Amino acid sequence: MISYTYVRAYPRRADALTFLDIWSSPPLVMNGHCMFKIQEYISFRDLNTFKVGGSARFLADVASIKELAKAVSFAKERKLPIFVLGEGSNILVSDEGFFGFVVKMNIKGKRFNFVPNGARATVSPGENWDDFVEEAVQKNLYGIENLSGIPGSVGAAVAQNIGAYGTEVKETIESVTVFDTDSMEEKTLSLSDCQFGYRSSYFKSEAGKNLIVTSVTFALWKKGGVDIEYQDLKKFFREKNTPSLYTVRQAVLEIRKNKLPDLSQVGTAGSFFKNLVVTNKKYKTLRKKIPNLPGFSLESGEIKIPLAWIIDNLLHLKGVSKENVAVYDKQAIVLVNLHNASAKEIYNYAKKIQKQLKDVVGVSPEFEVCFVGEF
Ligand code: NAP
């Protein structure tokens, strides 16, 4: 059992050197200040939007590739698992914490290179995703406006291939630079190398575990068209003027505000599950049992079934709570921490819903949220 009662900052106290004193490299010093420190037993609670979880055994705020390499070396020398943390908006951290090394990604920087048809934007993973979207829209660049208001960092947005209102981030990505924790070198991957899928990428797979995103290059357009095909956006613009790049961003922000919890008030990680993707044959079989089951055709020929609809209409769980966790009353795919929920309570409720979904449609949905630590 880990004791969480103290916090150590390198190298504040002599008695804090249990692990750290055997680390030979000194901390990075810039302008006389210690810029890079490895901390021990840092509570996760204020580092994730669910506001739950135990402590990180080690954590370092990493602001450069040099610091990243130092952090990775430290973890590798001690055979510690590494978890890269962005803004903690898509994770559920175990109440027992994480017995490994947390790299808090804080590499910042944005560069726009304008070309005749648009711009190439090279963005560091520690940048806030929505700040980047806002800047792109201000510069009149199309491509990511439908992804407005999504919480989290640029690095996490790419690793997760975030999507909303018919747009996925992969559609604007040209290349991704990564730090390979095996070779300890940076390399650049093409779009196809990234193996983007529905809310997934190579970086989230077992095979890509050794890659940490260090920079992303997006291709954005000057004269793109807006996409308002999703029902909520269509409805928003029904009696209004032709949507512009700017008004689409405003619309998405407003729709999200009315449908999703305010992170400053409520603990949540947004969508807890991924929508179901089934074969056309399976969908037809399900429709015989559930005639009004909605489904959207994908390019792959498969059918995407909105899980929120099932949780609401078949499980009748919208707004229903269990212990200190609830299915959000405005969007049933979202779980919320009502009042000091434990990670275990959230996990148990999610597992229960997952099982009920399996019983109803015969398919177990995947979790969109990433689990950190043991469950
Ligand atoms: P919604 O409009 O209530 O629709 C429910 C689901 O049906 C969505 O998840 C969406 O799948 C799918 N859908 C709806 N219209 C579609 C269409 N015309 N073509 C294909 N699929 C369609 O969804 P919502 O909850 O308000 O969310 C709106 C968008 O924001 C969605 O794209 C959703 O993914 C995104 N969002 C993401 C998060 C997150 O945490 N990652 C949280 C909230 C909302 P898709 O999810 O595949 O788009």
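K355 and D359 are about one helical turn from each other, because they lie 4 residues apart in helix α9 (residues 343-361); helices (H or I, at least four residues) and strands (E, at least two) are DSSP runs, numbered from the N terminus. The side chains of K355 and D359 form a salt bridge at 3.1 Å, N to O, where a salt bridge is a side-chain nitrogen of Lys or Arg within 4 Å of a carboxyl oxygen of Asp or Glu. Salt bridges with shared partners also join K110, E127, E135 and K139 into one network. The model is predicted, and local features need pLDDT of at least 70, side-chain atom pairs count only at pLDDT 80 or more, and totals for chains, interfaces and linings use all residues. Residues are numbered from 1 along each chain as its sequence is written, and side-chain values use heavy atoms, with hydrogens and water left out.

The count of salt bridges is 16. R120 pairs with E174 at 2.7 Å between the closest N and O atoms. R120 is in strand β10 (residues 118-123) and E174 in strand β13 (residues 173-180), so this pair ties together parts 54 residues apart in sequence.

N337 belongs to strand β22 (residues 334-337) and is buried at 8% relative accessibility; buried means under 20% relative accessible area, exposed over 50%, and partly exposed in between (1.4 Å probe, protein chains only). The C-alpha atoms of N337 and T268 are 6.1 Å apart, although 69 residues separate the two along the chain.
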